[in-house]
Amino acid sequence: MADKKRTINVGLVGYQFMGKAHSNAWHQVPHFFDPALHPVMHTICGRNHAKALQTAERWGWKNVATDYRRVVSDPEINLVDITVPNNAHAEVALAAIAAGKAVCCEKPLARTLPEAKQMVAAVKKAGVPNFVWFNYRRVPALAFARQLITEGRIGKVFHVRAVYLQDWIKNPNIPLVWRLSGAVAGSGSHGDLGAHSIDMARFLLGDEFQEVCGLAHTFIKERPIGEMVEGLTAQVRSGQKVKKGKVTVDDAVLFLARFKSGAIGTFEATRFATGHHNGNSIEINGDKGAIRFHFEDFSYLDFFDDTLPAREKGWRRISVSAGQDPYSGKYWPAGHVIGYEHTFINTANDILENLAGPRRAFHANFEDGLRCQEVLEAVMVSHQQRQWIRIADVA
Ligand SMILES: NC(=O)c1ccc[n+]([C@@H]2O[C@H](COP(=O)([O-])OP(=O)(O)OC[C@H]3O[C@@H](n4cnc5c(N)ncnc54)[C@H](O)[C@@H]3O)[C@@H](O)[C@H]2O)c1
């Protein structure tokens with residue numbers, strides 16, 4: 001009997017790092033989940049036709065485009081997925097929204113707060129479904145942590161302690177890639193890594209930031225200009241004299257935060273944390289217990305239950321692979337662990353279920369992206385003015 005499953009045509013803009021993660025997600029999601037809408041990998045778009053074609057052939061995209069306008073104006077495409085650098089998020093999203101498409105966009109939602117506001121106003125006016133790929137919300141251990149916190153298992157929250165540590169640009173010969181340009185990225189480690197920590201805190205606590213006090217620092221102020229191939233430019237590799245350009249973003253951002261509930265937090269995002277490639281960690285301490293998560297121990301959530309008798313208290317390392325969350329049970333038997341790419345597959349499934357059902361808000365949506373952008377902005381204003389900044393004063 002023919003499969004009568006409803007389908008949705010996806011157009012993906014961008015084919016590199018996140019383009020690969022999203023291509024894999026759209027390809028794999030029907031293999032592990034049973035979404036009510038089946039994704040058809042309709043078109044992939046990238047400015048370099050040969051590279052976009054290579055991605056299409058590898059991942060199963062049916063068509064290739066070199067201009068995103070072809071994707072947003074294609075009447076066959078229902079969902080536009082955005083994995084381009086931050087400076088192009090607003091342009092592509094606004095065009096897709098104007099064409100009445102559902103839009104899912106990589107984080108941070110935009111390069112700047114005004115762009116994020118414009119994007120939220122546009123989706124509200126058009127009434128189109130909108131999603132942000134804050135993929136850490138769909139790490140099984142963090143989805144489980146959220147359940148515990150929502151059930152009151154750690155009680156009233158005192159502390160949030162979040163760090164996102166990388167070290168890939170500490171070599172001064174790493175070229176001036178788009179992530180180091182304020183005009184393209186908006187900010188450095190702040191919007192790249194800190195945005196995830198800010199969103200994870202909002203997601204886990206169900207709370208909003210009230211005020212922040214920040215410090216931003218750039219360790220290496222100039223870098224070689226040129227295309228990065230395996231970490232360096234061809235000129236640097238062959239020992240030639242190189243032209244340098246200015247780094248116009250932060251290398252590291254630290255900030256203190258006060259939440260509306262009265263909880264307080266410390267946040268650190270850096271690409272200079274020698275020894276850490278993707279050290280994304282969060283700990284939350286409440287009056288009844290605590291949770292902590294380290295990305296490199298992806299399958300585990302540490303839980304401390306302070307309501308137990310004194311002699312039984314201690315950190316428990318829970319393997320979140322047995323379906324105690326909405327995701328891990330969809331893959332393999334308990335203890336057969338999953339990883340990074342599955343956070344995108346999980347997100348893709350939730351996007352499809354959301355699109356298939358009655359219209360309801362998705363988490364994270366463009367509003368969530370805007371809340372995060374307000375915090376990013378307040379931290380940078382705080383750094384510039386050397387004082388605490390209330391989120392309400394930048395929003
Ligand atoms: N959720 C996560 O964990 C995560 C991880 C990495 C990056 N990101 C986000 O994903 C986005 C992309 O980052 P990346 O690491 O994939 O970057 P990348 O440099 O690896 O890829 C960017 C892609 O965009 C294409 N591109 C650039 N401008 C374009 C345009 N105008 N039209 C069409 N294509 C264009 C490039 O050719 C390339 O294919 C960024 O917003 C970044 O913050 C999210």
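Modeller: Start with strand β14 (residues 289-294) and strand β15 (residues 300-305), which pair in the antiparallel sense over four bridges. One of the residues to look for is Ala-290, whose bridge partner in β15 is Phe-304. Two strands count as paired if DSSP finds at least two bridges between them. Strands of a sheet pair through backbone hydrogen bonds, either parallel or antiparallel.

Some ground rules come next. Residues are numbered from 1 along each chain as its sequence is written. The model is predicted, and local features need pLDDT of at least 70, side-chain atom pairs count only at pLDDT 80 or more, and totals for chains, interfaces and linings use all residues. Helices (H or I, at least four residues) and strands (E, at least two) are DSSP runs, numbered from the N terminus.

Now widen the view. β14 and β15 belong to an open sheet of nine strands with mixed pairing, in the order β16-β15-β14-β13-β7-β12-β11-β8-β17. At the edges are β16 (315-319) and β17 (389-390), each of which pairs on one side only.

Helices lie across this sheet. Helix α8 (residues 189-205) lies across β7 (157-165), β8 (209-217), β11 (252-259), β12 (264-270) and β13 (279-286), and runs at about 150 degrees to β7. Helix α11 (residues 366-385) lies across β8, β11 and β17, at about 55 degrees to β8. For these angles, axes are lines fitted to C-alpha atoms, for helices over the stretch in contact, and the angles run from 0 to 180 degrees between N-to-C directions. Contact between two residues is counted if their C-beta atoms, placed from the backbone, lie within 7 Å.

Last, the wider setting. The protein is divided into domain 1 (6-135) and domain 2 (140-336 + 366-389), with bounds that come from an automatic or database domain assignment. Taken over C-alpha atoms, the centres of domain 1 and domain 2 are separated by 24 Å. Their contact takes 20 residues from domain 1 and 21 residues from domain 2. On the side of domain 1 that touches domain 2, the elements that give two or more residues are α5 (113-126) and β6 (130-132). α5 gives the most to that side of domain 1, with six residues.
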